[in-house]
Amino acid sequence: IVITGEVVSCKTTLVRNRFNRLPSDQIVAAHSVNTHRDPDDTRRMVVSAFGLPYVGASKTDLLTRLEKFLCDVDHQGKRALLVIDEAQNLSARTVEELRMLSNFQTDDKSLLQTFLLGQPEFRATLHSPGMQQLRQRVIASYHLVPMDAQDTRAYVEHRLATVGWKGDPSFDEGAHAAIYAYSGGIPRKVNKLAMTALRVAAARKAAVVNEAILLDATTEALL
């Protein structure tokens with residue numbers, strides 16, 4: 001599975017949120033964010049991420065340990081999931097090494113599901129001539145785009161609700177329009193702008209966050 005998006009599109013936040021909600025009785029998951037590795041380091045990284053010993057082990061030993069672990073996970077009725085963040089930093093040889101790990105299979109399924117997260121340039125890597133075999137293994141791919149105005153408003157209200165917001169201060173229509181206009185619907189910018197606007201409103205003891213407050217917030221937030 002491949003997910004791409006701009007650097008501020010909150011790919012990692014999205015996946016980490018889902019990662020933390022995975023049912024441990026069904027999924028055994030590992031996560032890696034250090035992708036400046038050669039193929040040998042990548043094998044060690046994967047083995048280590050699943051909690052297996054790797055120091056001083058040969059390539060054969062690493063692959064044998066990983067295969068045994070994956071088979072044991074499968075026998076327990078679980079699935080093994082590997083999440084690789086910052087995939088745009090992977091070299092072609094390292095991507096190929098990860099693809100080879102999908103060769104660990106039973107008669108009807110792969111023993112390891114790999115989730116690749118990266119910036120848009122990873123799409124160029126994925127569609128390069130030497131990546132045909134990897135593309136054949138990809139079962140789903142999605143490119144995150146900025147939110148539209150409606151989704152941006154819903155996102156702000158959801159974020160506020162999760163921390164106990166009861167509508168005080170409220171955000172008027174002009175504020176929501178300004179948040180979208182200045183953030184472009186990019187979650188990280190929305191977060192920064194909304195938080196700055198709340199601080200400005202608190203300092204002024206304002207019961208309503210309006211467009212004027214948002215304009216001041218954009219200056220303070222350097223947006």
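Contact here means heavy atoms within 4.5 Å. By that criterion, and not counting residues up to four places away in sequence, Glu97 touches Pro39 and Arg43. The model is predicted. Its largest nonpolar core has 29 residues, and a second, separate core has 17.

**Glu97**
- Glu97 lies in helix 4.
- Its relative accessibility is 11%. Buried means under 20%, so Glu97 counts as buried.

**Largest nonpolar core**
- The residues with the most contacts inside this core are Val46, Phe50, Leu66, Leu70, Leu82, Leu98 and Leu116.
- At least two core residues come from each of helix 2 (39–49), helix 3 (59–75), strand 3 (79–84), helix 4 (92–101), strand 4 (112–118) and helix 5 (121–126).
- Helix 3 gives the largest share, five residues.
- Leu66 touches Val46, Val47, Phe50, Leu52, Leu101 and Phe104, again not counting residues up to four places away in sequence.

**Second core**
- Among the residues of the second, separate core are Ala175, Val200, Ile213 and Leu214.

**Helix 2 against helix 3**
- Two packed helices are described by the angle and the distance between their axes.
- For helix 2 and helix 3, the axes come within 10 Å and cross at roughly 35°.
- The crossing of helix 2 past helix 3 is left-handed.
- Helix 2 makes the contact through Arg43, Arg44, Val46 and Val47, and helix 3 through Lys59, Leu62, Leu63 and Leu66.
- Five residues of this contact are nonpolar, three are charged and none is polar.

Note on methods
Residues are numbered from 1 along each chain as its sequence is written. This is a predicted model: local features need pLDDT of at least 70, side-chain atom pairs count only at pLDDT 80 or more; totals for chains, interfaces and linings use all residues. Side-chain values use heavy atoms; hydrogens and water are left out. A nonpolar core is a set of buried Ala, Val, Leu, Ile, Met, Phe, Trp, Tyr and Cys residues joined through side-chain atoms within 4.5 Å. Buried means under 20% relative accessible area, exposed over 50%, partly exposed in between (1.4 Å probe, protein chains only). Helices (H or I, at least four residues) and strands (E, at least two) are DSSP runs, numbered from the N terminus. Axes are lines fitted to C-alpha atoms, for helices over the stretch in contact, and angles run from 0 to 180 degrees between N-to-C directions. A crossing is left-handed if the near helix is turned anticlockwise from the far one by less than a right angle, and right-handed if clockwise. Ala, Val, Leu, Ile, Met, Phe, Trp, Tyr, Cys and Pro count as nonpolar, Asp, Glu, Lys and Arg as charged, and the others, Gly among them, as polar.
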